Amino acid sequence: MDIETWKNNLRMTLDLETAKPAHEASIASKARALSKAVRLRYHDRRIRSHNLHEKGKIACYMSLEFLMGKSLRNHLHALGSDTKALVAELVEEIYQVSIEELYEFEPDAGLGNGGLGRLAACFMDASATTGVPLRGYGLRYEMGMFSQKFENGFQVEVGDDWLKDGDLWGQRVEEETVIVDFKDVFLKAVPYDYIVPGYQVDNVNRLRLWKAEAVNDFDFRKFNEFDYIGAVEDRELAANITRVLYPNDERREGKVLRFMQQYFFAQATIRDLMRQGGIEHRDLKTLKNIISIQLNDTHPVIGIPEAVRILTEELGFAFEDAIDAVESIFSYTNHTILQEAMEKWHRNILDEVCPDTMKVIERMDAHYVEHLRIRGYDNDRIERMRILRHDTVYMAHLGILASHTVNGVAELHSRILRDTELADFSDFDPNKFTNVTNGITPRRFFMLANPEMAKAVDRWIGNGWRKNFNEIEKLKALADDAEVLSEFAEIKKKNKRHLAERIRKEYGIVVDPDSIFDIQIKRIHEYKRQLMYAFYVHHLYARIKADPHAPFTPRTCIFGGKSATGYHRAKAIIKYINELARVVNADPDADGKLKVVFIEDYNVSWAEHLVAAADVSEQISTAGKEASGTGNMKFMMNGTVTLGTMDGANIEIFEEAGIDNNYVFGATVEELRAAEYDPHALYARDSLVKEAVDSLTGTYLDDGGSFKFLDLYRALMDNQWGRDDEYYILYDLRSYIETQDRIERDFSDKAAWNKKSFLNMAASAKFTADRTILEYAERIWHIEPKVL
């Protein structure tokens, strides 16, 4: 597209968006206009990609989350640096606003929460870049998950109104609306399509998100009979289904709404795929030659029996043929070994929402029980493996039995699934289980998040790594080049200054760019052990108070992450951290030595700033509990050492970059299994443990009379609902603090520290999502990439 075409499109889209001249138009109007101009630039590529995909087999990625972040900078970046610079210049000329202002104005899309959704977004980016024909399917949440606010240190949830200025990138496709039938109501599933462009290729993949709407959103008869609420009840039901990601499910009403979300999503997607594939006219045995469906965790697993129901009840295929067909096209990714996260639904919820699908599940359960009996399994083992047991539907079991492939997302995680957590299933069909280690997109999380470093890498090794990230390994040969390491350190320091300034503007907290930037950013959960990091912060503060004049290496401790709305213990951890921040940041004794920052409403945009500026990446989950992690990869790619346990993808990071260039602590999975652990005995003999536990019942940290700190104490020392210190926080605490002490000593040797950090960046090739998506395409989906 030449300069005149860009000018014409920019003027045209602004004219269509507003009747005002550019100097009077709102920034929202300018953002909408620019997004339309960018979509126009991709229009021809999108059509050509669609036509190419229609000629062969495609993959479908079903995920309840796609944590996309902002799109404008990413979409311009994919067009290349020359086009990106040209558009920036023309926007300033024609729209009379800087491109940076528009980047800042765009909201983060409220379509996900944590690693699950960010992984899905990375996969969409990687598939377009590598030419893998992948279509994403999810839900278009009106109010996101929630926007996190802190009031007196407590998390408070408010709506994330990310669409208030319009949907910059979604295109409503009214003509491809499908009807979703629940037990008592029919709703429309209206698709909104989002472009996902590949980097410097012509491929454009599609993310389709469903919005729920009423078939009849206004019942005039009820309105005329003065039933004003009943007149719009279908409209409100539909709105609630796609209003919020993960509605609070503490009560049954919330559970029903969550399941309705999943069922709506699954049925809409299956119907859309069947329509596109002309399934009613096909031999089901050929279905695997045209489509492969990847289930991202258990949320979309209800799509399996729903596909069987549509094939049998609506299209007239035999049940056994339908089972064979779904087994040939579905594959399931397991993301956790935590039992509470392996979804289970009481059958009365399915009977209320989709009774016909519940009947299919009963038939499928009987079908697989018969297969297990034929294998000679005893009743106890069969009972453990059943889909339907004690009126409960086990979604993970359904996903495992009815998929052709089940994968974990890191070597350790996959081994635990195969050998322990899902051993019955892997014994039944060992060839079904495999590993595909997660990856991240280097476009967003290195090239865009750390542009100065990316330009430096171009100077050091050429720019071939931008298209083939394996070439980043060429950096290893420069690990002893003093000039390169000096430039690396200077760019890192500049990134730290930028982050420090952002923190000052947002929170009024002044942090020292020369201090250790020690960062933990992830969903708040007990197994991720933010509480252990907070105990370390408390330990540092206690050191300062014991001797304010003692030598001290300055440290900035940064947290970020949300708790689920109903997860009260995670909310207690947030309050504890914020109390530490309140006390530490106000104490003159700690000034210049220790600062604590909790990023409010942490999101993808914050992550881009944080990963580029970190000195230490906190990856401290209990060994065996974190499936993979992807934050660890983002930090590593930007030249950050990992402080971590032998858990998830940490192990592979240590293998790639070397244990000597990272910091490993804590018990391994095997050691924890063998441990005879009594937290009370440990409390009695270990002063560090006593110091940590006592902080929960002391006087200077105030939980506002909520008893939240008492709940944290009981979780560690007097747990009425499970084992004391279930996640071994106190068990690993001394090892953790001693390793942090080693980091403090090592940080003073700047040359050695810079080399460790640099070597992590140089060893990050394995952790690109390009490698991951090509493994899925080759080993699971059996699809050939096609680059336009």
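This is a predicted model: local features need pLDDT of at least 70, side-chain atom pairs count only at pLDDT 80 or more; totals for chains, interfaces and linings use all residues.
**The six-stranded sheet**

Six strands form an open sheet with parallel pairing, and their order is β18-β17-β16-β19-β20-β21. The edge strands of this sheet are β18 (594-599) and β21 (663-664), each of which pairs on one side only. Strand β19, which covers residues 616-619, is joined to strand β16 (residues 516-521) by two bridges, with the two strands running parallel; aspartate 518 has valine 616 in β19 as its bridge partner. With strand β20 (residues 641-644), β19 pairs in the parallel sense over four bridges, and here glutamine 619 stands opposite glycine 644.

In a regular strand the side chains alternate between the two faces of the sheet. Along β19, Val616 and Glu618 point one way while Ser617 and Gln619 point the other way, and all of these residues are buried.

| Strand pair | Bridges | Sense |
|---|---|---|
| β16 and β19 | two bridges | parallel |
| β19 and β20 | four bridges | parallel |
| β11 and β13 | three bridges | antiparallel |

**Helices beside the sheet**

Helix α21, spanning residues 530-546, lies across β16, β17 (555-560), β18 and β19, and its direction makes an angle of about 155° with that of β17. Helix α23 (residues 604-613) lies across β16, β17 and β18, running at about 140° to β16.

**The three-stranded sheet**

Another open sheet is formed by three strands in the order β11-β13-β12, and its pairing is antiparallel. Because β11 (344-346) and β12 (388-389) stand at the edges, each with a single partner strand, one side of each is left without a neighbour in the sheet. Strand β13 comprises residues 392-394 and is joined to β11 by three bridges; within this pairing, tryptophan 345 has valine 393 of β13 as its bridge partner.

Definitions and conventions. Residues are numbered from 1 along each chain as its sequence is written. Side-chain values use heavy atoms; hydrogens and water are left out. Buried means under 20% relative accessible area, exposed over 50%, partly exposed in between (1.4 Å probe, protein chains only). Two strands pair if DSSP finds at least two bridges between them. Contact means heavy atoms within 4.5 Å. Axes are lines fitted to C-alpha atoms, for helices over the stretch in contact, and angles run from 0 to 180 degrees between N-to-C directions.
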